[in-house]
Each structure stands twice: as C-alpha cells, then as structure tokens.
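Subject: Structure handover

Hi,

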Amino acid sequence: QNMAADGVVMNEYFLYAQLLAYAVARPRQHDRAEQCFRDALSAGMEPNDHVVGALARAVGRGRCIELMNELCNGREVPAQPQRRAGGGGGGGRPG
C-alpha cells in the first residue's frame with residue numbers, strides 16, 4: 001500500500017522476492033504472503049512459475065493449490081526442485 005502511494009509499481013521479480021522474504025521469516029508470514037499475492041493479482045499481475053513457487057514456499061503447497069484453484073483458474077503449481085543431501089547450498093568453491 002505504501003509503495004502504491006509512492007508511485008512504485010510491483011513487478012513479478014519484486015513479488016517473487018517479497019514472497020520469499022515471507023517464506024523465510026521466522027515465524028513464517030503466510031497470511032501476509034497470501035494477502036500480498038491477492039493484492040498483486042488484483043492489480044493485474046499474471047503470476048509466473050517463480051512467483052507461484054515462492055508462494056508455495058510461503059503458504060505451503062496445499063494452500064497454494066487452493067489459491068490457484070480460487071484465483072488462477074486452477075493453474076498448476078510447479079514442482080519444487082529437489083534439495084541435495086547435506087544442506088550445501090552450492091555456494092562453496094569448486095574443487
């Protein structure tokens with residue numbers, strides 16, 4: 001709401017980053033994530049796979065599927081990438 005008042009227009013990348021922030025917050029901010037997503041759709045945004053994946057992380061896959069059925073004509077929720085064992089984020093040096 002403050003962004004809109006300041007004339008800032010949300011795009012898919014910003015929405016994706018916002019949803020991820022809600023997903024990793026402790027405690028997780030699932031209500032805020034859902035409202036943010038609803039607001040973006042109301043503003044005319046078309047969610048891409050990245051946005052839907054971030055929403056699934058923030059609100060849970062089951063709730064995300066419910067939201068896709070309710071708001072996006074049953075749009076499919078993309079499969080989540082498998083995480084590698086060991087928890088390594090791939091940020092280390094090769095070698």
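Tyrosine 13 is exposed, with a relative accessible area of 63%; here exposed means over 50%, buried under 20% and partly exposed in between, using a 1.4 Å probe and protein chains only. Before going further, please note that this is a predicted model, where local features need pLDDT of at least 70 and side-chain atom pairs count only at pLDDT 80 or more, while totals for chains, interfaces and linings use all residues. Residues are numbered from 1 along each chain as its sequence is written, and side-chain values use heavy atoms, with hydrogens and water left out.

Tyrosine 16 is partly exposed, at 27% relative accessible area. Searching the whole structure turns up 1 aromatic pair (rings of Phe, Tyr and Trp, the last by its six-membered ring, with centres within 6.5 Å; planes under 30 degrees apart are stacked, over 60 edge-to-face and the rest tilted). That pair is tyrosine 13 with tyrosine 16, and it is tilted, with 6.5 Å from centre to centre and 40 degrees between the planes. The two tyrosines sit 3 residues apart in helix H2 (residues 12-24), so about one helical turn separates them.

As for the overall fold, the protein chain has 5 helices and 0 strands (DSSP runs numbered from the N terminus: H or I of at least four residues for helices, E of at least two for strands). Of its 95 residues, 26% are buried. Taking contacts (heavy atoms within 4.5 Å) between residues at least 6 apart in sequence, 58% join residues at least 24 apart.

Helices H3 (residues 30-42) and H5 (residues 61-71) pack at about 20 degrees, their axes 12 Å apart; axes are lines fitted to C-alpha atoms over the stretch in contact, and angles run from 0 to 180 degrees between N-to-C directions. H3 and H5 are therefore roughly parallel (angles under 35 degrees; over 145 is roughly antiparallel, 65 to 115 roughly perpendicular and the rest oblique). H3 contributes Glu34, Phe37, Arg38 and Leu41 to the contact, and H5 contributes Arg63, Leu67, Met68, Glu70 and Leu71.

Glutamate 34 is buried, with a relative accessible area of 14%. Leaving aside residues up to four places away in sequence, glutamate 34 touches Val59, Arg63 and Leu67.
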